[in-house]
Amino acid sequence: MEMVSELVDGLPWPALAAQLRQEGYALLPGLFDAAAQDALRACLAPPAALPRTSLNSDAQGRAEIFRFEAALPSMLAALVDALYAQLAPLARHWQAMLGVAGDFPDDFPTFAERQRRAGYHAGLSYLSRMCKDDYFPLHQCVQSEWLFPFQLVALLSQPDNDFGGGQFVMTEQRPRMQSRPIVLPLQAGDAALIATGYRPCRGNNGYYRVNLKHAVSTVSGGERIGLELSFHAAA
């Protein structure tokens with residue numbers, strides 16, 4: 001990747017903010033170039049292999065999870081810092097629209113230190129490896145003052161070449177309406193900013209909260225490598 005801060009600062013933020021508010025996600029095509037994809041995939045194999053957890057339940061789905069339990073790789077750490085700086089004003093705006101108490105500081109290190117002081121030390125970011133019949137069920141991150149309302153997801157394998165199925169799916173639930181399905185058309189190297197659990201929507205009586213969940217559909221074959229990057233401190 002080119003200089004991360006310059007890359008992030010050059011993104012079309014007014015359009016991305018509008019898409020996040022209207023859809024609950026914003027696409028970032030080609031955010032990870034081939035070298036960055038290779039570097040992240042290398043974290044799955046010795047000697048750099050991350051701690052691995054196998055999921056196999058209806059509640060959690062089926063996949064191999066490789067968590068960044070210590071510090072993030074420098075590339076991802078720089079990406080978190082740069083994205084947070086752009087997203088913090090939007091997060092504060094969403095809070096104001098929904099009448100939610102609390103605040104997000106301007107920079108990620110300050111926010112991370114607040115998390116640590118509150119007793120949150122476990123990093124939430126991870127790589128996933130999914131093979132035939134693997135999937136993630138619909139879920140959302142529980143919101144609190146210590147969880148940022150956005151996260152980044154990325155695909156590090158090529159659909160229809162490296163794997164089949166395995167689409168990144170979101171659902172939106174408004175009061176008294178059927179859930180709306182959304183499929184994000186990710187290709188290898190593409191990323192998306194997503195709302196972790198809700199977005200504000202304007203109604204007749206002001207703004208209300210629209211709930212969002214996300215999932216990965218069943219992989220039909222091959223190997224799907226993905227990334228979920230959270231704005232959460234690791235000890």
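In the predicted model, Tyr 84 and Phe 108 are both buried. Their ring centres lie 5.7 Å apart with the planes at 65°, so the pair is edge-to-face. This pair connects distant parts of the chain, since Tyr 84 belongs to helix H4 and Phe 108 to helix H5 (residues 108-117), 24 residues apart. Phe 148 and Phe 150 are likewise buried. The centres of the Phe 148 and Phe 150 rings are 5.7 Å apart and their planes meet at 75°, so this pair is also edge-to-face. The structure contains 12 aromatic pairs. One aromatic cluster includes Tyr 84, Phe 108, Phe 148, Phe 150 and Tyr 198 among its members. Arg 209 is placed over the face of Tyr 198, at 4.2 Å from the ring centre.

The largest nonpolar core comprises 71 residues, of which Phe 32, Leu 87, Leu 127, Leu 152 and Leu 227 touch the most other members. Helix H4 (residues 74-98) makes the greatest contribution to this core, with 14 residues. Beyond its neighbours within four places in sequence, Leu 152 is in contact with residues including Leu 28, Phe 32, Leu 83, Ala 191 and Leu 227.

In helix H2 (residues 13-23), the residues Trp 13, Leu 16 and Leu 20 are buried. These three lie on the same side of H2 because they cover an arc of only 60° around the axis. Exposed residues Pro 14 and Gln 22 are found on the face of H2 turned away from its buried side. The buried residues of H2 pack against several elements, among them helix H1 (4-9), strand S1 (25-28), H4 and strand S6 (150-155). Just after H2, Gly 24 adopts a positive phi of about 90°.

Methods:
Residues numbered from 1 in each chain as written. Predicted model: local features only at pLDDT ≥ 70, side-chain atom pairs only at ≥ 80, totals over all residues. Heavy atoms only, no water. Core = buried A, V, L, I, M, F, W, Y, C linked by side-chain atoms within 4.5 Å. Buried < 20%, exposed > 50% of the residue type's maximum accessible area, 1.4 Å probe, protein only. Helix = DSSP H or I, 4+ residues; strand = E, 2+ residues; numbered from the N terminus. Contact = heavy atoms within 4.5 Å. Arc of directions from axis to C-beta. Phe/Tyr/Trp six-rings, centres within 6.5 Å; stacked < 30°, edge-to-face > 60°. Lys NZ or Arg CZ within 6 Å of the ring centre and 35° of its normal.
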